[in-house]
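I wanted to look up the packing of rings and nonpolar side chains. My notes follow the display.

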Amino acid sequence: MTVTTYKWTIERYHRAIEAGIFDDQPIELLRGDLIVMPPEREPHAYYNTEAADYLRTLLGERAKIRDAKPITLPNNSEPAPDVAIVKPLGEVYLGHHPYPEDIFWIIEFSKSTLSKDLGDKKDIYAEAGIAEYWVVNLKNSQLQVFRDLQNGQYTTELTLTTGTIVPLAFGDVSVQVNHLVGFSKI
C-alpha cells in the first residue's frame, strides 16, 4: 500500500484558518505539510524576547522586528520564525504577511528543533531567496549564520560564539554575538 499525504497550498491553508479549522493550534506550513510547533518553554521565550528587543534598539525605524509571526514563501510554506527582520511597510501587512522580498533576515532560537531548523527550514528559506538566516543554537551557545545564496542554497556558514556580526542588509550595524548566544548561558 502506498501512503499519499495531502499537500496544502497557501490559499487552502488560509481558507482553513479563516474557517477556524485549526482552533488556534500552533502549526506552520512547510512545503505543503502542516507541522505542529512544539510548546515554547520559558528559556526559548526569554532569549527570543531579549534578542528582538536588542535588535529593535539597534535598527530603530529602519526595520520591523516580528516575533513568531508568519511569513509567506512561494514554496507552499508559511513558517512562523522566532524573529523576522522585515521592511517597515506598515499597513501593507494588513493584506499579507511579509514575502521574501520584504525580509532582511530571519532568526530561529533552537534547542529541541535544532535538526529541523538546520535542515528543512534552512533549505526552505534558501529556496525562497531569504538572503540571510541565523540559528541561535541553544544547545551549544553559538550563532550559526547562513548567507551567500547560489542556486537556492546558502554557500557560506559561519559559527560564532563571541564578537560581532554585520547583517548583510545593514552594513553599518554590528550585532554583538553575546547579546544572542550569551542569553543561553544563563
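I took a nonpolar core as a set of buried Ala, Val, Leu, Ile, Met, Phe, Trp, Tyr and Cys residues joined through side-chain atoms within 4.5 Å. Buried means under 20% relative accessible area, exposed over 50%, partly exposed in between (1.4 Å probe, protein chains only). The model is predicted, so local features need pLDDT of at least 70 and side-chain atom pairs count only at pLDDT 80 or more, while totals for chains, interfaces and linings use all residues. Residues are numbered from 1 along each chain as its sequence is written, and side-chain values use heavy atoms, with hydrogens and water left out.

Entry 1, cores. I looked up the largest nonpolar core and found 27 residues, of which Ile85, Trp105, Ile107, Trp134 and Leu143 touch the most other members. A second, separate core has 18 residues, including Leu73, Ile103, Leu114 and Ala128.

Beyond its neighbours within four places in sequence, I find Leu143 in contact (heavy atoms within 4.5 Å) with residues including Trp134, Leu158, Ile165 and Val181.

I counted rings of Phe, Tyr and Trp (its six-membered ring) as paired if their centres lie within 6.5 Å; planes under 30 degrees apart are stacked, over 60 edge-to-face and the rest tilted. The structure has 10 aromatic pairs. One of them, Tyr6 with Trp8, is edge-to-face, at 5.3 Å centre to centre and 85° between the planes. Tyr6 is partly exposed because its relative accessibility is 48%; Trp8, at 18%, is buried. Trp105 and Trp134 form a tilted pair, 5.0 Å centre to centre with 40° between the planes. Both Trp105 and Trp134 are buried.
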